[in-house]
Amino acid sequence: MRGALGGPGVLLRRLREVMAAPVSPQERLDRLVVLIAGNLVAEVCSVYVLLEDGSLELYATEGLNREAVHLTRMRAGEGLVGLIASEAEPVALSDAQSHPAFSYRPETGEEIYHSFLGVPILRGGAVMGVLVIQNRASRLYNEEEVETLQTTAMIMAEMIAAGGLKSLAPPGSMIGLDRPIHGVGVKLADGVGLGYAVLHEPRVAITNLIAENPAREVKRLEAAIAEMRTAIDELIERGDVAHTGEHRDVLETFRMFAHDQGWLRRMREVVMTGLTAEAAVERVQSDTRAKMLRQTDPYLRERLHDLDDLANRLLRTLMGKANGVAHEKLPENAILIARSMGPAALLDYDRARLRGLILEEGGPTSHIAIVARALGIPAVGEVVNATALIQSGDAVIVDGQAGEVQIRPQPDVENAYKDKARLRARKQEQYRKLKDLPAVTKDGLEINLQINAGLLVDMHSLDETAAAGIGLFRTELQFMVAQHMPTTTEQQSLYGAVLKAAQGRPVVFRTLDIGGDKVLPYMERVEEENPALGWRAIRIGLDKPRLLRGQIRAMLRAGAGQDMRIMLPMVATVDEFLRARFIVRRELAMMEKQERPAPTNLELGVMVEVPSLLFELAEISREADFLSIGTNDLMQFLFAADRENRRVSERFDPLCVAALRALRTIVEAAGEAGCPVSVCGEMGGKPLETMALIGLGYRSFSMSAASFGPVKAMLRALDVRKLRERMDWMLASSDGASSLRSQLSALATELKVPV
Ligand code: PEP
Ligand code: MG
């Protein structure tokens, strides 16, 4: 029987000797290929290393022509070697030349070899090269040989990562691992940040790859698995998500995988090839990651993610590291890199040192994105495999404005971004100068500008912008960042602190807007086909009055002796408003009965964000103390276009005739009833859109703090009389062109309004 000479354990021990020998990197590689070929009874063993341009260069060979070393290069995806690199899967063939991907390179002299086994050199799921063995005779390699070659490839990956092969890169070129990468993701938080990578969950560095005693390693692996299972069981039993921030569902999935025989068998097999238990976990994890990166089915991808997380836990258990986040020390300019991250974890870092955040997951409406925006940290999400591509200490640039990242940028790219950051800083400075000037249009019309907030950390923006108040305080954020349901006392203390920070400026507290995409980790999740149209916000509040009552109570107590403003989200009918108002009034009456100090004045408003309310405008304007338009939801429901779904979210322009007419109807009806109305959705924070809203008759806006300067600069240059005339005409004479955006832009240019 053919097979490894002396078994894989012997090979690994020899490999370790070669790795430790005091020779040049080339000499070491040359010795390695001889050793591998000899041990696997192959006539050829070759190493191809991935270069920065995606090509694979022959770095060493035993068996092929030596002259081809550092000469033969396969383009990305070319030949069998290119195929292995792009698929990140082993390829074993008894007749390589008949494979359609085979690419013949005369300089190598490989035509005499028929059978072929190639495996990717993987680290953290990223391909770093390809390791190949070949034989003259036509034969099939057995599983043990494939396994051994993969294990050998892992050791090579560590050698490449340790920088051993840097000096061998062709002049003016570099190996793939160090290459600059331009990553594209989604915008989470605006701004440009330059700095150095800090991994939120640093890779567990494995110092010992090769086992002295495989039987002992199997025992270590099994003990660690048992320990991990117990730890997960305990977490589930305690219902304690506080420490890990993990969702119960995730823990249940962990438990399932922790008992998955296939996964455990894979790791045991790898230990048997001669690796230590931790190296075996790492190898299987790397394979999982490689699969994950090539998986398009979101369900399977998610499961692979879970498996990856679980492997991390196991690694930490094996290496005696505490589970949970062990923060690296932050450098002055830190760019935080994570697969995903809870908002509370971000708040744990020293804000003063953070320049940016890069996530592999996390959409624009994720909680972490909201917190990053509140903290003013430029952030980009959905950057594929960021945690494997970026190494701790790498120079990284986050462009939250474009939703892009630059990893290990070239000097010219870095300079361009430095310019961009400087330009932004200059603009911010200009906006800051507007701070003490009134929010009044060129023709003397006063506009009320407020900011949106949701956390105590937002409150500094009130002074920075000199906003008139908080037009929307999203109370759900406290619930979303908490690890348990905030008690009434905790809520009261937050609202009290917010009012104190506002120093007499008005704050509009919105009652819980949870459900839909806003999920609370400690609350049982209700599976719904259409969560945006499902059981959310005031619907939950009315069905579970205890929750709503508790929150109202906390608000009323916090506002004792002051003016208080409360607003109800997602109200679809006047009846819903009246039912909620009944609860509020009952709470007030109870306070009076108990002789508790109550707010001096209470205004109860309503969000206009469900289109049905547009047909009860007269009634709702009569009943509510104020209206606030949630354009984010109003547009999604008006156009039946999911705001979370990027395929459709930008399909309908809020500056189209239909939307503008709807918005005009609201402002006119509110005006007739004498009910104050403002806009608190994103539309009111974009200069051109806000200009259009002013043209429709709106005079009050609440927006993110970052939008404040640009909107104020716009309105101070605005001649409202002219704008109104032209907009009335545009809306009346619409010729079927669905959006007025270009006409409005042209008008802004004509009126010299910066938008
Ligand atoms: C809106 O819908 O426009 C709004 C302001 O509320 P949220 O974005 O929190 O749903
Ligand atoms: Mg809304």
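1. A pairing to look at first: G193 stands opposite V398 in strand 13. Please keep in mind throughout that this is a predicted model. The pair belongs to an antiparallel arrangement of strand 9 (residues 192-199) and strand 13, joined over 5 bridges.

2. V398 also stands opposite V405 in strand 14. Strand 14 (residues 404-407) runs antiparallel to strand 13, with 4 bridges between them. The two strands form a hairpin with 4 residues between them, and G403 in the turn has a positive phi of about 75°.

3. How enclosed is strand 13 (residues 395-399)? Of its 5 residues, 4 are buried, so the rest of the structure largely encloses this strand.

4. On to the magnesium ion (ligand 2): its protein donors are E609 (OE) and D633 (OD), at 2.0 to 2.2 Å. E609 sits in the loop between strand 19 (601-608) and helix 20 (617-623), while D633 is in helix 21 (residues 631-638), so the pair ties together parts 24 residues apart in sequence. Both E609 and D633 are buried.

5. Ligand 1 has 14 residues around it, and R474, R510, G630, N632 and R643 come nearest. A polar side-chain atom of R474 lies 2.8 Å from a ligand 1 oxygen, and a backbone N or O atom of N632 is 2.7 Å from an oxygen atom of ligand 1. The protein covers 98% of the 290 Å² of accessible area that ligand 1 has on its own.

6. By class, the shell around ligand 1 holds 7 charged, 4 polar and 3 nonpolar residues. Helix 21 gives the largest share, 3 residues.

Terms used. Residues numbered from 1 in each chain as written. Chains lettered and ligands numbered in written order. Predicted model: local features only at pLDDT ≥ 70, side-chain atom pairs only at ≥ 80, totals over all residues. Heavy atoms only, no water. Buried < 20%, exposed > 50% of the residue type's maximum accessible area, 1.4 Å probe, protein only. Pairing = 2+ DSSP bridges. Donors = N, O, S within 2.8 Å, 3.2 Å for Na, K, Ca; no water. Near = heavy atom within 4 Å. Polar contact = N/O pair within 3.5 Å; in protein donor to acceptor, adjacent residues only side chain to side chain. Areas by Shrake-Rupley, 256 points an atom, 1.4 Å probe, with all protein chains shown as cover. Nonpolar A, V, L, I, M, F, W, Y, C, P; charged D, E, K, R; others polar.
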